[in-house]
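Here is a short briefing on one protein chain. Look over the sequence and the model first, then read the points below.

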Amino acid sequence: MLHLRIITPADRSEAVADLLAADPGVAHLAVLPGAARQPVGDLILCDVVRESADHVLHRLQELGVEARGGVSADDVELTLSSAAERAAREAPGHADDAVVWDEIAAKTGEQTELSGTYLVLIVVATMLSGIAVLLDQPILIVGAMVVGPEFGPLAALCVALLRRKPKIIVRSVQALVVGFLTAIVATILSTWALTAAGLVDRGMLLAERPVTDFIWRPDALSWVVGLLAGIAGMLSLTSKKSGSLVGVLISVTTVPAAANAAVALAYGVWHEAGGSMLQLLINVCAIVVSGLLTLAVQQLWWWHVARRTTDPVTASRPPRRAVG
């Protein structure tokens, strides 16, 4: 369930209140006339089940609330209310399957920022992986996969492609390209530094590495794993089941492939560097393709649910692209 705080101009307040009161997925509606000062208007509070949230937010945008007022939403962790239970029963679909497109757009949009934190995390993760492939240590590989922040821009790219948002597409691609290039260069430098210190050497890369050897040997299963990871990642993002995302991060070899490429470049092992870069490309493409298809299926499914439960005018409208 989401808690909505809506600031609306006084001349739209009645229409907004009527809209919320008529929706079966809304509970705990309260109207505070004149309570808002910036911008000036009425403050309306309510709780809405996730199954109805996307429809409600869309109708509020149709009323122009965001242009002259504002809407904010927070997750409600606990609600003890028969009205809330009734709203959950009467709303279409299931809460775990519901997609709030404005929420997803806002969440993934934040992850396209090429911030210092993002660059530090991807550099640290790649450098950890670089050491892990030389030591043939799976524990370090897993740790680096969890630290890597690359799934954020990948998810944002999927959402932007579905909603046809060129600016977000460019920002997502930029975050991925700049992030991986920076991480690879940093790992090459760190490999040279560790070699100069006598901690690692070229022979460790050329030696038998039964645990991490797969990183630079892509095959058909690399594509399959990437597809499955993209599906699981998108579902964990849209359903707010963040625990599943950890498994997704561990299942793909984006950061380890970049690290193995960097180490191979540092030592001039060109065939291994090429195989690692191909592994990275396969994983990225597979995640984007499956993530995009997953979002498209979810959008079509909820359009189908809405057609069975809303008025004829709404039912005839094609799936919308969320604003955000």
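Which residues of the largest nonpolar core touch the most other members? They are Phe180, Leu205, Tyr267 and Leu295, in a core of 49 residues. Keep in mind that this is a predicted model.

**Nonpolar cores**
- Helix α13 supplies the largest share, eight residues.
- Leu205 is in contact with Leu134, Val263, Ala264, Tyr267, Val269 and Glu272, leaving aside neighbours within four places in sequence.
- A second, separate core has 16 residues, including Ile6, Ile44, Ala53 and Val56.

**Helix α1**
- Helix α1 covers residues 10-22, 13 residues in total.
- From first C-alpha to last, α1 reaches 19 Å, close to the 18 Å expected at 1.5 Å a residue.
- Ser13, Val16, Ala17, Leu19 and Leu20 are buried in α1.
- Viewed down the axis of α1, the buried residues fall within an arc of 160 degrees, so they line one face of the helix.
- Asp11, Glu14, Ala21 and Ala22 are exposed on the other side of α1.
- The buried residues of α1 pack against strands β1 (2-8), β2 (26-37) and β3 (40-48), and against helices α2 and α3 (65-68).

**Gln61**
- Gln61 sits in helix α2, residues 50-62.
- The Gln61 side chain makes a polar contact with the side chain of Asp102, at 2.9 Å.
- Gln61 and Val71 lie 10 residues apart in sequence, and their C-alpha atoms are 9.2 Å apart in space.

Methods:
Residues numbered from 1 in each chain as written. Predicted model: local features only at pLDDT ≥ 70, side-chain atom pairs only at ≥ 80, totals over all residues. Heavy atoms only, no water. Core = buried A, V, L, I, M, F, W, Y, C linked by side-chain atoms within 4.5 Å. Buried < 20%, exposed > 50% of the residue type's maximum accessible area, 1.4 Å probe, protein only. Helix = DSSP H or I, 4+ residues; strand = E, 2+ residues; numbered from the N terminus. Contact = heavy atoms within 4.5 Å. Polar contact = N/O pair within 3.5 Å; in protein donor to acceptor, adjacent residues only side chain to side chain. Expected span 1.5 Å × (residues − 1). Arc of directions from axis to C-beta.
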